[in-house]
Amino acid sequence: MKLLFKQRFFSWLDSYDIFDENGTRIFTVKGVLAWGHCLKIFSDDDRELGMVKERLLTFLRPRFDITIAGEAAGVLTKEFTLFRPRFTLDFRNWEIIGDWLEWNYRISGAETVASLHKRLWQFTDTYEIDLKHPEDALSALAVALAIDAVKCGQNK
């Protein structure tokens, strides 16, 4: 399964539309006014499915709490590394490894769960997520949102 994760061009807060491989919007992500990044994930019928919220005051290790279906699911932490970005996700023992340009990522546990590729030459941040199992779509999307938020925070 493939997802296309595309940031909206005209938006005061971070907003994204997520499409499946047929071009059908299956998720909408809306930024919430808060200290740090706070992104809520909604289904196509506007039900809240999850949230990614940045923890404040984390020295050199950005952390994001991930909530799925109203319950705490885990924490994504960016590890301090010199050449390749590396993230851990505690609730599923996932590991996220990026390339040195920070455009491509692999999410893996016992096997590769998903890969995330940044599309170049786009007006807004656009990623393609290749999923091995469709049931991991919401979790992989939350991870992708947190990674994008970390990168956005580093560029400030």
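A nonpolar surface patch is built from residues with over 30% relative accessible area and no salt bridge, with nonpolar side chains joined within 5 Å. In this predicted model, W100, L101, W103, L120 and W121 make such a patch, covering about 660 Å².

**Surface patch**
- W121, one of the residues in the patch, sits in the loop between β11 (112-118) and β12 (126-131).
- Is W121 buried or exposed? It counts as exposed because its relative accessibility is 83%, and the cut-off for that class is over 50%.

**Nonpolar core**
- The largest nonpolar core has 38 residues, and F5, L76, I96, I129 and L145 touch the most other members.
- Helix α1 (residues 137-154) gives the most to this core, contributing twelve residues.
- Leaving aside residues up to four places away in sequence, L145 touches F5, Y16, V29, L39, I41 and V52.
- As background, nonpolar side chains tend to be buried together in soluble globular proteins.

**Strands and hairpins**
- Strand β2 (residues 15-20) pairs with strand β3 (residues 25-31) in the antiparallel sense, over five bridges.
- Within this pairing, F19 has R25 in β3 as its bridge partner.
- Four residues separate β2 and β3 in their hairpin, and G23 in the turn has a positive phi of about 85 degrees.
- β3 also pairs with strand β4 (residues 38-43), in the antiparallel sense and over five bridges.
- Here F27 stands opposite S43 in β4.
- The hairpin of β3 and β4 has six residues between the strands, and G36 in the turn has a positive phi of about 80 degrees.

- Most residues other than glycine have a negative phi, which makes the next two worth a look in your viewer.
- D46 has a phi near 70 degrees, a positive value in a residue other than glycine, and its place is in the loop between β4 and β5 (48-54).
- Phi of A69 is near 55 degrees, again positive in a residue other than glycine.
- Where is A69 found? It lies in the loop between β6 (63-68) and β7 (71-79).
- A69 has a relative accessible area of 62%, so it is exposed.

Conventions
Residues are numbered from 1 along each chain as its sequence is written. Side-chain values use heavy atoms; hydrogens and water are left out. A nonpolar core is a set of buried Ala, Val, Leu, Ile, Met, Phe, Trp, Tyr and Cys residues joined through side-chain atoms within 4.5 Å. Buried means under 20% relative accessible area, exposed over 50%, partly exposed in between (1.4 Å probe, protein chains only). Helices (H or I, at least four residues) and strands (E, at least two) are DSSP runs, numbered from the N terminus. Contact means heavy atoms within 4.5 Å. Patches are made of residues with over 30% relative accessible area and no salt bridge: like charges are joined within 9 Å, nonpolar side chains (Val, Leu, Ile, Met, Phe, Trp, Tyr) within 5 Å. Accessible areas come from the Shrake-Rupley method with a 1.4 Å probe; for residues, only the protein chains shown count as cover. A salt bridge is a side-chain nitrogen of Lys or Arg within 4 Å of a carboxyl oxygen of Asp or Glu. Two strands pair if DSSP finds at least two bridges between them.
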